[in-house]
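This report is a guided reading for someone meeting the model for the first time.

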Amino acid sequence: MMAPPPALTPKQILVHHSADQWEEFVYEWVLGLKKVAGYVDVVGIGGSNDRGADIAAFLTTRKTDDRWHCYQCKHYEKALTPHAAYPEMLKIFVAVAEKQYQVLPERYVFVAPKTGASLTQLLAKPSELKASFFREVAKLGSRLTADYDEAVLHRALDLAQQTDFSRFEAGSLDTILEQHATTPYHVRRFGTRLPERPAVPKPPPEHSADEARYIQQLLRVYAEKYGCSPHSPDEARAHPRAGRHLQRQREAFYCADALRVFARDSVPPGTYESLQDDVYDGVVEVEERDFGTGYDRLNAVLDAARDMELGANVLVSYVRPNDRKGICHQLANEDRLTWCQEEER
């Protein structure tokens with residue numbers, strides 16, 4: 001029996017990305033930098049008329065009118081060269097000269113699968129980069145006026161003369177991939193395994209405000225079954241049967257909440273919510289049946305959640321039995337599930 005071919009590495013996968021897929025990958029990476037870099041927002045503004053910026057990261061709410069960073073995406077079969085970089089640099093100077101942007105970005109980062117040695121060396125020497133840029137512009141000469149209004153081009157080159165070229169840099173693909181691996185997008189894009197799931201915290205003795213609604217629903221169940229006050233968690237906790245049951249439900253809720261936090265940090269937005277929807281779809285018809293008590297309805301729903309197939313969600317292999325119960329209580333916390341329905345009508 002032949003062994004399966006080795007899995008492609010993220011670098012190998014990126015080689016086969018289209019230009020649009022590459023830009024999506026870079027956007028995901030920059031989003032991952034948002035907190036550490038202090039960005040207030042990140043937007044993709046690429047396209048046929050991108051004005052020298054594919055992705056803009058803003059350091060203030062005034063966006064490109066104030067401090068910002070520019071990420072220029074280039075996905076070529078060959079390494080990025082000065083010849084390919086200089087027209088993009090000129091674009092950003094022209095865009096500011098035309099007042100498309102009020103100020104130059106503080107950082108202008110070329111992001112390509114591979115940056116050639118000649119461009120890498122020039123980027124390490126800003127003064128040489130600047131001189132080389134102007135030599136290239138001089139070679140183009142009158143050809144540039146076919147692309148740009150002469151007065152605008154003159155203002156753009158004046159601006160370039162006054163500019164510190166240390167703002168221009170190229171991203172290292174190894175570093176980008178290392179940082180992208182810390183984002184929730186990495187697993188979906190490259191099919192890698194999720195990190196180990198952290199330990200589940202024990203619920204605190206007193207329930208929090210975030211638990212209020214599902215606890216209230218449980219108290220109604222205990223009032224109906226055991227005669228406890230529907231308004232007193234302390235009375236329910238003191239009851240020999242209701243107290244143990246309440247503790248187990250809270251442990252399940254905290255287990256599911258730990259999975260939610262794990263998903264928030266490990267997979268794309270909406271993944272956990274999709275899992276919740278799958279559980280809801282699997283139990284809602286059970287919840288809508290006629291039952292003699294809310295306690296019976298609750299247990300029937302929890303049994304259905306325990307036994308149901310969860311589909312192809314990337315989190316499925318990380319779901320524990322208590323997560324399924326806890327998701328039901330999360331849904332009850334949002335009033336998507338109700339145990340004592342007769343009282344709600």
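## Cysteines without partners

The sulfur of C228 lies 12 Å from the closest cysteine sulfur, that of C340, and is therefore too far away for a bond. A disulfide is here a pair of cysteine sulfur atoms within 2.5 Å, and by this rule the count comes to zero disulfides. C73 is likewise in no disulfide, since the nearest cysteine sulfur, in C70, is 8.8 Å away.

Both residues are shielded: C228 counts as buried at 5% relative accessibility, and C73 counts as buried at 10%. Buried means under 20% relative accessible area, exposed means over 50%, and partly exposed is in between, with a 1.4 Å probe and protein chains only.

## How the model is to be read

This is a predicted model, in which local features need pLDDT of at least 70 and side-chain atom pairs count only at pLDDT 80 or more, while totals for chains, interfaces and linings use all residues. Residues are numbered from 1 along each chain as its sequence is written, and side-chain values use heavy atoms, with hydrogens and water left out.

## The nonpolar cores

The largest nonpolar core has 42 residues, and those with the most contacts inside it are Y222, Y272, L275, V279, V283, L315 and W339. Such a core is a set of buried Ala, Val, Leu, Ile, Met, Phe, Trp, Tyr and Cys residues joined through side-chain atoms within 4.5 Å. Helices α10 (212-226), α12, α13 (271-287), α14 (294-307) and α15 each supply at least two residues of this core, and its largest share, eight residues, comes from α12. The names of these elements follow DSSP runs numbered from the N terminus, with helices being H or I of at least four residues and strands being E of at least two. Apart from this core lies another, of 37 residues, among them I92, Y108, V137 and A160.

V283 is placed in helix α13 and, at 0% relative accessibility, counts as buried. Leaving aside neighbours within four places in sequence, V283 is in contact (heavy atoms within 4.5 Å) with V301, A304, A305, M308 and L337. With one of these, A305, the C-alpha to C-alpha separation is 6.3 Å, although V283 and A305 are 22 residues apart in sequence.

## Two helix contacts

Two packed helices are described by the angle between their axes and the distance between the axes. The axes are lines fitted to C-alpha atoms, for helices over the stretch in contact, and angles run from 0 to 180 degrees between N-to-C directions. The axes of α12 (residues 240-266) and α15 (residues 321-333) come within 7 Å and cross at roughly 95°, so these two helices are roughly perpendicular to each other. Angles of 65 to 115 degrees count as roughly perpendicular, under 35 as roughly parallel, over 145 as roughly antiparallel and the rest as oblique. The contact involves residues including F253, C255 and L259 of α12 and I327, H329 and Q330 of α15.

The axes of α3 and α5 (residues 126-140) come within 10 Å and cross at roughly 90°, which makes α3 roughly perpendicular to α5. H83, Y86, M89, L90 and F93 of α3 meet L129, S132, F133 and E136 of α5.

## Residues outside the cores' description

Most residues other than glycine have a negative phi. K99, in the loop between α3 (82-97) and β4 (107-111), has a positive phi near 65° and counts as exposed at 54% relative accessibility. D335, in the loop between α15 and α16 (341-344), also has a positive phi near 65°, and D335 is partly exposed, with a relative accessible area of 43%.

E224 lies in helix α10 and is partly exposed at 34% relative accessibility. Beyond neighbours within four places in sequence, E224 is in contact with T293, G294, Y295 and C340, and E224 and Y295 are 71 residues apart in sequence but 8.0 Å apart in space, C-alpha to C-alpha.
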